[in-house]
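Welcome, and take a moment to look over the sequence and the model. The paragraphs below will walk you through them step by step.

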Amino acid sequence: MITPVHYMLLSAALFIIGVVGVLVRKNIIIIFMSIELILNAVNINLVAFSAQLQNVVGQVFAVFVIAVAAAEAAVGLGIILAFYRNKETINIDEMNLMRS
Amino acid sequence: MAQAIAFYFIAACILGFAVLVVTTRDTVHSVLFLVLDFLFVAALYVLLGAQFLAAIQVLVYAGGIVVLYLFVVMLVNLKRPPEAHEDPHRRTKLGFGLAAAVLLELGAIAVYGFVNPAAPVPATAAIPVSGNTEQVGWLLYTSYLIPFEVASMLLLVAMIGAIVLAKREL
């Protein structure tokens, strides 16, 4: 029997994988993909509770999360392109223009 | 029983591909593993009875966002891999430590929720339509109309912002 706890554990594991990716990798494109993994983990939780409580509101919120993720990906990748054009790198260790 | 087998298979695929996304050296391979990960998440949504969201997941994530990532990987022509540059100030172990702290926090929340189960939530107003897509659409255009419009404005602003950022000169 699959309970919501199973889905929460899966979601937590996916979230942790995303957090490790954000904190450990240096390639900023992979960091963005890790953020998408984190947002997917949130969506799995929302849909699991929506199915458990027989309430569609969770799925509506997941639709909003997907919309925000799309906006975030577009703007973030635009920033990456603009940065790459100026500095010829996508390594976050070299992104220290604001550091005094 | 069949549901349990399907859940464990899909969960193993999701976690395995997520690990591959984070650990693969080649960025293009990483993006392709991300597509597979999104497709298995869509399969999980079908398992949970959220067919509309599964379709949105395939269309928007696996179809739209990943193509955007592939375009950026193609445009960012890397002469040297980003991992080649070694920063002496970088503390990777600290990153793993912070991730472990988040894991502990999630575990604490899970244990707390297990010890004190939440009160059952009251049922919301009945939705006069049946079917998953109809119900989601009904809620989007009645109770959540203003957030829906705000989301559309957000997408418009993000689109303009992405064009402005990516343009060579204004």
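A helix axis here is a line fitted to C-alpha atoms over the stretch in contact, and the angle between two axes runs from 0 to 180 degrees between their N-to-C directions. Two packed helices are described by the angle between their axes and the distance between the axes. Keep in mind that you are looking at a predicted model.

The axes of α3(A) and α3(B), the latter covering residues 51–75 of chain B, cross at roughly 5° and come within 11 Å. Angles under 35 degrees count as roughly parallel, and α3(A) and α3(B) are therefore roughly parallel to each other.

Now move to another pair. α1(A) packs with α1(B), residues 2–23 of chain B, at an angle of about 5°, and the two axes are 9 Å apart. That angle makes α1(A) roughly parallel to α1(B). From α1(A), the residues A:H6, A:L10, A:A13, A:L14, A:I17, A:V20 and A:G21 take part. They meet B:F7, B:A11, B:I14, B:L15, B:A18, B:V19 and B:V22 of α1(B). The contact of α1(A) with α1(B) has 12 nonpolar residues, two polar ones and no charged ones.

Let us step back to the whole meeting of the two chains. How many residues of chain A are in contact with chain B? There are 57 of them, and they touch 64 residues of chain B. On the chain A side, the elements giving two or more residues are α1 (4–24), α2 (28–53) and α3 (57–87). The largest share comes from α3(A), with 21 residues. By class, the chain A side divides into 42 nonpolar, 10 polar and five charged residues. The predictor gives this complex an ipTM of 0.91 and a pTM of 0.87.

Chain B deserves a look of its own. Its mean pLDDT is 86, and 91% of its residues reach 70 or more. Where pLDDT is low, the predicted coordinates should not be read in detail. The domain assignment gives chain B a domain 1 (1–80) and a domain 2 (128–170), and the centres of these two domains, taken over C-alpha atoms, are separated by 22 Å.

Leaving out residues up to four places away in sequence, B:I10 touches B:F40, B:A43, B:L44 and B:L47. With 19 other C-beta atoms within 10 Å, B:I10 is partly exposed. The C-alpha atoms of B:I10 and B:V129, which are 119 residues apart along the chain, are separated by 30 Å.

Finally, here is a detail of the backbone. Most residues other than glycine have a negative phi. A:Q54, in the loop between α2 and α3 of chain A, has a positive phi near 55°. A:E88, in the segment after α3 of chain A, has a positive phi of about 60° although it is not a glycine. Are these residues exposed or partly exposed? A:Q54 is exposed, with 9 other C-beta atoms within 10 Å, while A:E88 counts as partly exposed, with 13 C-beta neighbours inside 10 Å.

Definitions and conventions. Residues numbered from 1 in each chain as written. Chains lettered and ligands numbered in written order. Predicted model: local features only at pLDDT ≥ 70, side-chain atom pairs only at ≥ 80, totals over all residues. Contact = placed C-beta atoms within 7 Å. Helix = DSSP H or I, 4+ residues; strand = E, 2+ residues; numbered from the N terminus. Nonpolar A, V, L, I, M, F, W, Y, C, P; charged D, E, K, R; others polar. pLDDT = per-residue confidence, 0-100. Parallel < 35°, antiparallel > 145°, perpendicular 65-115°, else oblique. Domains from an automatic or database assignment. Buried ≥ 20, exposed ≤ 12 C-beta atoms within 10 Å, placed from the backbone.
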